[in-house]
Amino acid sequence: MAEASGLMRPSALPERRTDLAFSLVQLDDVGTPINRYERKSLHTTIGRNDGDLRFPEDPFLSPLHAKLSWEQQRLVVRDLGSRNGTWVFLEQPHRLIDGDLLLVGSQVLRFRRLGYPGPHTPDADATRRMGSLIPSADIATLTQLRSDGSPRDVIHLSPGRDVRIGRERGDWIYPYDPSMSAEHALIRSEDADFVVLDAGSRNGVAMAARGDIALVHQSRILVGDKLLRVELP
């Protein structure tokens, strides 16, 4: 089975790039281009008050929020410790790792691994315990986070059980989120791993950038409330 990964890590390529040109296209809520920023530098920083591209009207942007750089022939994005994170929209399925943050509609969901629980110690009098036997073990969770970072709802993930997320249909439903599609995302169980897929949603599924994340032509990133599309020559 091919490795599922919706985010690309930069690989070592020895050649030095001489063409540093790329464009950032700002999109509105329906994906229509509204601004275009041509860049021809090794590094481009984005922020509310500081940086090469500034959006002083955006309260969700940190003063200095994110950086795009040419690294080993790849254009990569890195979050600069911003308050709200830098989000990269998935182009393909992504295998979740502990601590990943997902953006589904306007919901921020945190993935955590729990590990396999050990067997229950039998009672001394051999009395069987009541309770659900299926699923027999939960090995991960998805937690909905409020804007202050505190947890709200939690759904448990078990081997062999897929979880669908949507506004109208699925195992985890958010009827109050107008930015979420009726069927938005799928968390697919693959043995002891879990893979997130976009279920054909209107707005896509994004991951919070951790470290350098490589971008390709047509990659979309979200910084503050600014949706930007990368265009490479």
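**Entry 1: R202**

I looked up the surroundings of R202 and, leaving aside its neighbours within four places in sequence, found R202 in contact with P178, S179 and S181. The model I consulted is a predicted one. I located R202 in the loop between β16 (193–198) and β17 (205–208). I noted a relative accessibility of 54%, so R202 counts as exposed. A polar atom of the R202 side chain lies 3.3 Å from the backbone oxygen of P178. I also checked R202 against G105: the two are 97 residues apart along the chain, and their C-alpha atoms are separated by 9.1 Å.

**Entry 2: H184**

I turned to H184 and placed it in the loop between β14 (172–173) and β15 (185–190). H184 has a relative accessible area of 0% and is therefore buried. I found a polar contact of 3.3 Å between the side chain of H184 and the side chain of S201.

**Entry 3: E231**

I found E231 in strand β20 (residues 226–231). Its relative accessible area is 15%; because buried means under 20%, E231 is buried. Leaving aside neighbours within four places in sequence, I listed the contacts of E231 as F22, S23, V25, R36, H217 and Q218. The side chains of E231 and R229 are joined by a polar contact of 2.9 Å.

**Entry 4: Salt bridges**

I recorded a count of 17 salt bridges. One of them pairs D98 with R112, with the closest N and O atoms 2.8 Å apart. This pair links distant parts of the chain, 14 residues apart: D98 is in the loop between β8 (94–95) and β9 (101–104), and R112 is in strand β10 (residues 107–113). I noted D98 as partly exposed at 34% relative accessible area, and R112 as partly exposed at 36% relative accessibility.

I then examined R113 and D193, which form a salt bridge with the closest N and O atoms 3.7 Å apart. R113 in strand β10 and D193 in strand β16 are 80 residues apart, and the pair links distant parts of the chain. R113 is partly exposed at 30%, and D193 is partly exposed at 31%.

Last, I looked up E190 and R188, whose side chains meet in a salt bridge of 2.7 Å, N to O. E190 is buried at 12% relative accessible area, whereas R188 is partly exposed at 27%.

Definitions and conventions. Residues numbered from 1 in each chain as written. Predicted model: local features only at pLDDT ≥ 70, side-chain atom pairs only at ≥ 80, totals over all residues. Heavy atoms only, no water. Helix = DSSP H or I, 4+ residues; strand = E, 2+ residues; numbered from the N terminus. Buried < 20%, exposed > 50% of the residue type's maximum accessible area, 1.4 Å probe, protein only. Polar contact = N/O pair within 3.5 Å; in protein donor to acceptor, adjacent residues only side chain to side chain. Contact = heavy atoms within 4.5 Å. Salt bridge = Lys/Arg side-chain N within 4 Å of Asp/Glu carboxyl O.
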